[in-house]
Amino acid sequence: MKKLFLIFLFLFIQPACFASGCEVTCPSGSLNIIEKESLLNKITGVSFASKKIAEIAIQKELKDELKSPFKANLEIYNVKRLKNGEFKALTLQSEQINYRAASISDFYAQTVCPYNKIIYQDGRVYYPHDLPFKFNAAITNQDINNILNSYEFQRELEKVSLKINGFKGFAVKTPKVNINNGKLNFSIPVETFLSSNPFYINLNADIEVKNNKIVLKNIIFSSNNNIINVDIFGVLVNKINPVAFQMESINSKYCRLYITNSQISGNIINTKGIFIINKNYGR
């Protein structure tokens, strides 16, 4: 049965990872855990207390690293295994992640491997192997505003400009972006040396996942911008697409994110994928 379960797990995980270019490797040879929790631990509440201590440590580590509050819930084998850092499953929840340029709502993640391990040492949590999760999250209009106003996104906007003989040829200013009725709507102010007032590129678009990014598709410019070349300005718009930009901000030495599916539903972008806390202990 265990072999059949591992085969099923492999088939379940791999297609999503191949689609996004990620690699999920589960620790092997550690499923022969058959010890049950002792009656004494159950009666005295030792199991519950040990689990809570571990959960609080994980929550603190995540908050320190990602600058956002998380709720952690462990499913353990028993206290003995937990003291060794071994556990069945871990779920993570955060109402709001704000990290660098990233802003994500209703984040929920659950480990994908049937056996997992951490190391608690000197008041810190370490990971002897990559710890992969499946995740669901939402991107709201408030999230998009947070991204647009972030230091990282503003710095990216500064790169999208052209100078001629030291003078500003054109510069893209902070766009207005919102999700409405299943579309992403953009109004992008562009300043040029030809006028003291900016002109606006207005458009709406669908989204799709390509190369682990949420990119725009079916871009439709407003009728008063008929002179705009879709091929040229489509590249520009995708370059300053805040939804794509924010996901790259999460990737760091601590963790990485792979997007497998993203769809607009009403005024929310629902996103799924793989979230991996990187190995940071041992060889």
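Accessible areas here come from the Shrake-Rupley method with a 1.4 Å probe, and for residues only the protein chains shown count as cover.

**View 1. The whole protein and its surface.** This is a predicted model, in which local features need pLDDT of at least 70 and side-chain atom pairs count only at pLDDT 80 or more, while totals for chains, interfaces and linings use all residues. Residues are numbered from 1 along each chain as its sequence is written, and side-chain values use heavy atoms, with hydrogens and water left out. The accessible surface of the protein is about 15700 Å², and carbon and sulfur atoms hold 54% of that. You will find eight helices and 16 strands; these are DSSP runs (helices: H or I, at least four residues; strands: E, at least two), numbered from the N terminus. Of the 283 residues, 46% are buried, meaning under 20% relative accessible area with a 1.4 Å probe, protein chains only.

**View 2. The buried side of helix α5.** Helix α5 spans residues 141-148, and its buried residues are Asp-143, Ile-144, Ile-147 and Leu-148. They lie on the same side of α5 because they cover an arc of only 135° around the axis, taken from the directions from the helix axis to the C-beta atoms.

**View 3. Ser-105 and its neighbours.** Look for Ser-105 in strand β4 (residues 102-111). Ser-105 counts as buried because its relative accessibility is 6%. Leaving aside residues up to four places away in sequence, Ser-105 touches Ser-94, Glu-95, Gln-96, Ala-137, Ala-138, Thr-140 and Asp-143, where a contact means heavy atoms within 4.5 Å.

Technical notes
Buried means under 20% relative accessible area, exposed over 50%, partly exposed in between (1.4 Å probe, protein chains only).
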